Amino acid sequence: MARVIHVFRQPDRFVAGTVGEPGDRTFYLQASEDTRTVSVTVEKQQVSVLAERLGSLLEEISGRFGAEVPDEVAEELVDNEPLEVPVEEEFRVGTMGLGWDAESKAVVIELLAITEGEVDEAVVLDDTEEGPDAVRVFLSPAAARAFATRADRVVNAGRKPCPLCGDPLDPAGHICPRQNGYRRNADLTGTDTTTDLDED
């Protein structure tokens with residue numbers, strides 16, 4: 001069966017978002033163009049890496065190709081709206097690819113479905129009929145910067161880190177390895193208290 005490549009050459013939006021409560025969030029990347037919307041599931045770490053690599057790519061294309069790349073994106077250009085619902089997973093992302101299309105002066109992001117075997121690098125950003133299904137999105141440098149800005153915010157909007165060990169704080173309580181196993185309870189103000197069991 002031939003692979004399916006969903007191509008968004010002029011997306012109305014391409015965003016990272018989540019469904020669920022902090023500590024139990026599912027991460028999605030969602031592309032929309034006209035009446036078509038495709039959502040794919042990703043790991044939190046993949047969103048973080050994609051945002052970081054986009055920043056590096058934008059610096060590179062500015063230096064090598066003289067592309068106009070904004071250092072920062074205007075706040076009004078950052079899409080803060082929630083994901084379009086219903087969110088229906090097309091596939092889970094295994095491999096991601098980034099490139100620069102000099103002809104259209106666009107950053108190209110490709111998201112490939114997870115597969116059991118190794119993915120041949122030759123299929124990334126290629127229209128070959130063999131390989132995993134994919135989503136390919138073309139973004140202007142400014143739109144790519146705006147995507148990365150939102151992606152960073154989405155990643156960092158989860159559970160606050162423990163000030164001692166750095167692990168995420170759980171609303172039900174956090175057993176901090178640096179407190180010899182005492183449970184740390186995070187209150188709504190963000191300060192932590194250590195709970196001890198008093199002996200009678």
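Ser-32 touches Phe-8, Pro-11, Asp-12, Arg-13, Thr-37 and Glu-84, leaving aside residues up to four places away in sequence; touching, or contact, means heavy atoms within 4.5 Å. This picture comes from a predicted model, where local features need pLDDT of at least 70 and side-chain atom pairs count only at pLDDT 80 or more, while totals for chains, interfaces and linings use all residues. Residues are numbered from 1 along each chain as its sequence is written, and side-chain values use heavy atoms, with hydrogens and water left out.

Ser-32 sits in strand β3, residues 26-33. Strands (E, at least two residues) and helices (H or I, at least four) are DSSP runs, numbered from the N terminus. With a relative accessible area of 4%, Ser-32 is buried, a label for anything under 20% with a 1.4 Å probe and protein chains only (over 50% is exposed, and in between is partly exposed). Its side chain also makes a polar contact with the side chain of Thr-37, at 3.2 Å. A polar contact is a pair of N or O atoms within 3.5 Å; within protein, one must be able to donate a hydrogen and the other to accept it, and residues adjacent in sequence count only if both atoms are side-chain atoms.

Next up is Trp-100, found in strand β5 (residues 89-101). Not counting residues up to four places away in sequence, Trp-100 touches Ile-61, Phe-65, Ala-67, Lys-105, Ala-106, Val-107 and Pro-141. Phe-65 is 35 residues from Trp-100 along the chain, yet their C-alpha atoms are separated by 9.6 Å.

Zooming out, the protein chain has two helices and ten strands, running β-β-β-β-α-β-β-β-α-β-β-β from the N terminus on. Of its 200 residues, 38% count as buried. Among contacts with a separation of 6 or more, 55% join residues 24 or more positions apart.

Then there is the second largest pocket. A pocket is an open set of points, on a 1 Å grid over the protein atoms alone, with protein on both sides within 12 Å along at least five of seven lines; lining residues have an atom within 4 Å of a point. Here, 17 residues do the lining, and Arg-13, Phe-14, Leu-77, Ala-143 and Ala-146 lie nearest the centre. Strands β2 (13-19) and β7 (134-139) and helix α2 (141-156) each supply at least two lining residues, with α2 giving the largest share, five.

Methods. On a 1 Å grid over the protein atoms alone, a cavity is a set of points where a 1.4 Å probe fits but cannot get out, and a pocket is an open set with protein on both sides within 12 Å along at least five of seven lines; lining residues have an atom within 4 Å of a point.
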